[in-house]
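Subject: Structure handover

Hello,

Here is the structure I promised to pass on to you. Have a look at it first, and then read on for what turned up in it.

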Amino acid sequence: MRVLVAYFLSMAVAAAGAGTLTGQDHSDLVIPSAGESHYSIHNLGPAHRVTLGRGAKVGILDHSFGIHSHPELYHGGHVFSNRHPLQREEEGSHRGYWMALALREVAPEAEVYPLVLPSGEERPLVEAIVEALDWAVEHDLDVVTYCGGSFSEADREELDQAVERTVRAGVVVVFLGYSHPLNLLPGGFGSPQQTADRAPDLHIFSHDCSARLADEVVALMETDDDVIQRRRPFLGSPNAGSVTAGFVALLRSVDPDAAPGKIKEALVESTRPVEYGGLSAERVPDASKALSRLSDSGP
């Protein structure tokens, strides 16, 4: 089963490389999907006629990007752990790789920077995240996203200080389950598992979060296989960070100097309530409307 997953994922990426990721004319860009998807729910079609995110730099903090296996997805990046060298990072293409695919669907021409973190204990992880945030500032990234879970109070003070430095430097921070007021906090669509102690700024539709994945792969991800269930892409809340970071990339590509607060305001003010499949969400962003609001807000 793992062989089948790897096969269909490679086929999906090959198709993507031959299509919407090439930097060719995108005036007739269409990403097909069955029924409603994040593409239609978030009104990405009109947004993509304005921008595909070219020039925006997005850092994804995670692991298992498959950096050498999928060079068409990435622009540089860095490893932030001596215990997690690049050789080990290349053993698999799952969490970070899936997040990169989701990001490139929303912002096909954004530059994606894998910021490789260690897995395991929280203390080394937080130290690596702080280093990654400083790296993002030094390398003029526009947005960074992390979807690995919440943090203990013991590590929040150091992390909060790093996030505040990062946002003051102009980088938008998109962390799941992280309640700091400067964080652009995404949540799932109709998901009750909100770990942060404040309501999310945005609700992200993630029931069909990669039209580039073959139907066979999605079917495999919905099986009862425990390993696949633990690694299933796009069908849960972690993808909310990638999609939100993609929205930020679109906005920054048309206004590179927009402050993080201005970006957040444009996205939040573009939201509307949505019901789908028996689930509901109050703050679902509209990418096209957010671009219009950013343009109308002036300098």
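Two strands are taken as paired if DSSP finds at least two bridges between them. Please keep in mind that this is a predicted model.

Five strands form an open sheet in the order β2-β3-β1-β4-β5, and their pairing is parallel. The edges are held by β2 (78-79) and β5 (172-175); each has a single partner strand, so one side of each lacks a neighbour in the sheet.

On one side, β3 pairs with β2 in the parallel sense over two bridges. There, His78 stands opposite Leu115 of β3, and Val79 stands opposite Val116 of β3. The pairing of β3 with β1 is also parallel and runs over six bridges, with Ile60 opposite Pro114 of β3. Five of the six residues of β3 are buried, so the rest of the structure largely encloses this strand.

Is Asp62 buried or exposed? Its relative accessibility is 4%, and buried means under 20%, so Asp62 counts as buried. Setting aside neighbours within four places in sequence, Asp62 is in contact with Arg95, Gly96, Met99, Leu115, Val116 and Leu117. Two of these contacts, Leu115 and Val116, are the β3 residues that stand opposite His78 and Val79.

Now to the helices. Helix α10 lies across β1 (57-62), β4 (143-146) and β5, and runs at about 175° to β4. Helix α10 also packs against helix α11 (residues 260-268), at an angle of about 115° and with the axes 10 Å apart. The range of 65 to 115 degrees counts as roughly perpendicular, so that is how α10 and α11 are described. The crossing of α10 past α11 is right-handed. In this contact, Phe247, Val248, Leu251 and Arg252 of α10 meet Pro260, Ile263, Ala266 and Leu267 of α11.

The largest nonpolar core has 45 residues, and Phe247, Leu251 and Leu267 touch the most other members. Which helix gives the most to this core? That is α10 (residues 239-254), with eight residues. Leaving out residues up to four places away in sequence, Leu251 touches Ile263, Ala266, Leu267, Ala290, Leu291 and Leu294. In soluble globular proteins, nonpolar side chains tend to be buried together.

Finally, some totals for your notes. The protein has 12 helices and nine strands. It has 299 residues, of which 53% count as buried. Of the contacts with a separation of 6 or more, 73% are between residues 24 or more positions apart.

Best wishes

Technical notes: Residues numbered from 1 in each chain as written. Predicted model: local features only at pLDDT ≥ 70, side-chain atom pairs only at ≥ 80, totals over all residues. Heavy atoms only, no water. Core = buried A, V, L, I, M, F, W, Y, C linked by side-chain atoms within 4.5 Å. Buried < 20%, exposed > 50% of the residue type's maximum accessible area, 1.4 Å probe, protein only. Helix = DSSP H or I, 4+ residues; strand = E, 2+ residues; numbered from the N terminus. Contact = heavy atoms within 4.5 Å. Axes fitted to C-alpha atoms, helices over the stretch in contact; angles between N-to-C directions. Parallel < 35°, antiparallel > 145°, perpendicular 65-115°, else oblique. Left-handed = near helix turned anticlockwise from the far one by under 90°.
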